[in-house]
Amino acid sequence: IVRRLLCLSIFWHTLDIIDKVEQELGVPVIHPQTARVWEIQKRLGLNEPKQGYGTLLSKLPTMRDATN
């Protein structure tokens, strides 16, 4: 059972297809750039969801929610 897809390389040009891959696989896709934006927002206490870059940025889950 796949619960998440982790893209480790920032050289994979996947930012524009994260939503499509999530829909097709039915699991969240974690990309280094989206993970960094999520982390920065959490550290600064911001809550500004961004659509089109996957579940991580569209829902901005807490760390606990993101790892369950």
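**Burial and confidence in a predicted chain**

Of the 68 residues of the protein chain, 24% count as buried, where buried means under 20% relative accessible area, exposed over 50% and partly exposed in between (1.4 Å probe, protein chains only). This is a predicted model, in which local features need pLDDT of at least 70, side-chain atom pairs count only at pLDDT 80 or more, and totals for chains, interfaces and linings use all residues. Residues are numbered from 1 along each chain as its sequence is written, and side-chain values use heavy atoms, with hydrogens and water left out.

Reader: What pattern does the protein chain follow along the sequence?

Author: Helices (H or I, at least four residues) and strands (E, at least two) are DSSP runs, numbered from the N terminus. The protein chain has four helices and two strands. Read along the sequence, their pattern is β-α-β-α-α-α.

Reader: Which element of the protein chain has the lowest mean pLDDT?

Author: pLDDT is the predictor's confidence in each residue, from 0 to 100. The mean for the protein chain is 85, with 90% of its residues at 70 or more. Among the elements, helix 3 (residues 55–59) has the highest mean, 94, and the lowest, 72, belongs to strand 1 (residues 5–6).

Reader: Is glutamine 41 buried or exposed?

Author: Glutamine 41 lies in helix 2 (residues 32–44). Not counting residues up to four places away in sequence, glutamine 41 touches Leu46, Asn47, Glu48 and Leu60; contact means heavy atoms within 4.5 Å. Because its relative accessible area is 8%, glutamine 41 counts as buried.
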